[in-house]
Amino acid sequence: MATNSVAEICVPKNKIVMSLMHVHFLDPYHSGNSPLHRLDPRVKVVLALAFILTASLTPFGAWAAYILLFAIVLSIEMLSELGIRYVLKRAFLATPFVLAALPLIFTVQGTPIAAFTLGAWTFSMTLEGVERVLSIAFKSWVSVQMAIVLAATTTFPELLNAMRALRLPKLLVAIFGLMWRYLFVLADEALRLLRARAARSGASREPGRARGGSVVWRARVTGGMAGNLLVRSFERGDRIYAAMAARGYDGEVRTFPLPPLGARQWLMIGAGLTICLVILLLAAVITR
Amino acid sequence: MLSAPFSPPAMHIPDGFLSVLVAAALWVATIIVVARALRRASADLGERQVPMMGVLAAAIFAGQMLNFPVAGGTSGHLLGAALATILMGPWAAVIIMTCVIGVQGLIFQDGGLLAMGANIFNMGIVGVAVTHFVYRSARALAGRRPWGIFLGGFLSAWLGVILSALITALELAVSGTAPANLAIPAMGSVHILIGLGEGLITLGALAFLYFTRPDLLKIGEAKPAGRAAWVAGLVIAILIAIASPLASSFPDGLEWVAQQQGFLTNAQNAPYQVIPDYVFPGVENQALATIIAGVVGVLTVFGVALGIAYMRRKQGDANLMQT
């Protein structure tokens, strides 16, 4: 878990500590003026969720439906002008998880296609097992691509508006908003802590170099850093609250009403949902 | 990820790994608990809630960047569910973890969108409830003595991670995307090790706080609100502890059990029962359907590409006209 921690996703490990940059580059939003950037965030979120739901609902081995799903996600990537390479590179994030499904090749019962023995055990691969694993990997792959396009073409405030439109509790949306506001500030603080540790030789990543004490010692130092980060955030939270209170905050989260969805937006939602339904019907028919 | 050393399978479930039934059920459970947590935290924190929860969620998120090398290129990470629970109490911790996991899934694709309910449930609800139960129990056993804080902190963080991993494996097994007899022991044993890292970091953080800001350790304690959460933690811990070995003892995995009960087959077919025996005209054949889908797919992509090219040209023309 936390294998894909933010820092690792975006920068090679040895550069985290060295870099003096601020971490705003973590934000995956790519500014642009593509049709997808201009699309109402509410429509985008609803359709992205519908697409992922469709991918999840298609039964295992419905290859025809998978091709359609892939065609859709590919055309949306082209529409978004993000560059297909960018999306595909990020889409590899989900790959480690396929490991969890891999044993299914041997455990799903069906037509055996190959077998090998390892010590006392005999493993036999089945056609159904292979089909199942490939299906899971594929569904997960197209879903993550859609999520990447959504995050890369929608600013966070727009996502917050979509959350409001989807009737998430106001308080939760406000907390999300505040979290996003301070995420980069605190990520900077975490980087400063890491840099301070590196400067004091607390940990070397080079294999064979001194690592600075036993594993327990290293863990304790990191724990101290975490505690330090929390103390600073508590104090920051207090200051933010004081500043908000000074400006008249009374615990009530007030927002401007969102403009109603126009006919065009409704049409797009309707068209998108229809396409999803058609794919599900096709999948149902061919796997029957 | 770019220079990723060996990293064990993550606990953030991506989309495509959960059956829709499991994902939906866990979304419902998550929504109920988070709604309750919002009300409870509102009562506890009042108008401080939004700034405090927001900043602490950001802190836990940023805190996950903190790691330490263990051996052979692996490293220990902080997850933070335990620290949030110990410092802020279970209800606030549920909200903090919901925000952390929400941003991880929505922005960084660390965990899926449809699977987000499950991810919040596993790490934000099970993890928090178990941590709360273990930590509170250790504190009660220790009386006023400080070893309750440290031992309780370490054990609760460790067990929270392990039980979160076990419930994740159980969900995958029920979804038929990982064989129970392999996934549960594998996830369990890997996270027994990962959880040690979490436990040690949590212990270090608590030691730091104990000596510098002992007042912060009392915030989570001041409220009697934790009784229900303590019971919930106990019940969840017992259920997972019973279900995991039971499930993994089925040689064919949980899915086999589910199929015997007929519920998986129902779940898989349910959306399609509306149109029994419906056949598209001329598409009875699977190979033919695949070909048709392929052609339609290629045409879709081609059409969209053409459309974009056309639109751009028109835009270019318009720009030319303006100048």
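This is a predicted model: local features need pLDDT of at least 70, side-chain atom pairs count only at pLDDT 80 or more; totals for chains, interfaces and linings use all residues.
## Confidence

The model scores ipTM 0.85 and pTM 0.82. Chain B averages a pLDDT of 77. In that chain, 72% of the residues score at least 70.

Two stretches of chain B call for caution. Over residues 1–9 of chain B, pLDDT stays under 50. The model has 21 contacts beyond four places in sequence for that stretch. Over residues 251–283 of chain B, pLDDT also stays under 50. Here the model has 36 contacts beyond four places in sequence.

## Chain A at a glance

Chain A has 288 residues, and 45% of them count as buried. It holds 13 helices and 2 strands. Take the contacts in chain A between residues at least 6 apart in sequence: 73% of these join residues at least 24 apart.

## A helix pair in chain A

Helix 4 (residues 41–57) of chain A packs with helix 9 (residues 127–153) of chain A. Their axes lie 9 Å apart, at an angle of about 175 degrees. The angle is over 145 degrees, so helix 4 of chain A counts as roughly antiparallel to helix 9 of chain A.

Which residues of the two helices meet? From helix 4 of chain A come Lys44(A), Val45(A), Ala48(A), Phe51(A), Ile52(A), Ala55(A) and Ser56(A). From helix 9 of chain A come Lys139(A), Val142(A), Ser143(A), Met146(A), Ala147(A) and Leu150(A). By class, this contact has 9 nonpolar, 2 polar and 2 charged residues.

## The largest nonpolar core

The largest nonpolar core has 179 residues. Members that touch the most others are Ile175(A), Met179(A), Ala57(B), Ile95(B), Ile96(B) and Met97(B). Helix 6 (residues 147–175) of chain B gives the largest share of this core, 17 residues. In soluble globular proteins, nonpolar side chains tend to be buried together.

What does Met97(B) contact beyond its neighbours within four places in sequence? Its partners are Ala81(B), Ala84(B), Ile120(B), Met123(B), Gly124(B) and Val128(B).

## A closer look at Ala41(B)

Ala41(B) sits in helix 1 (residues 20–45) of chain B. Is this residue buried or exposed? Ala41(B) is buried, because 26 other C-beta atoms lie within 10 Å and the cut-off is 20 or more.

Leaving out residues up to four places away in sequence, Ala41(B) touches Gln49(B), Met53(B), Trp91(B), Ala92(B) and Ile95(B). Val94(B) is 53 residues from Ala41(B) in sequence. In space, the two are 9.6 Å apart, C-alpha to C-alpha.

Conventions: Residues are numbered from 1 along each chain as its sequence is written. Chains are lettered from A and ligands numbered from 1 in the order in which they are written. A nonpolar core is a set of buried Ala, Val, Leu, Ile, Met, Phe, Trp, Tyr and Cys residues joined through C-beta atoms within 7 Å. A residue is buried if 20 or more other C-beta atoms lie within 10 Å of its own, exposed if 12 or fewer, and partly exposed in between; C-beta atoms are placed from the backbone. Helices (H or I, at least four residues) and strands (E, at least two) are DSSP runs, numbered from the N terminus. Two residues are in contact if their C-beta atoms, placed from the backbone, lie within 7 Å. Axes are lines fitted to C-alpha atoms, for helices over the stretch in contact, and angles run from 0 to 180 degrees between N-to-C directions. Angles under 35 degrees count as roughly parallel, over 145 as roughly antiparallel, 65 to 115 as roughly perpendicular and the rest as oblique. Ala, Val, Leu, Ile, Met, Phe, Trp, Tyr, Cys and Pro count as nonpolar, Asp, Glu, Lys and Arg as charged, and the others, Gly among them, as polar. pLDDT is the predictor's confidence in each residue, from 0 to 100.
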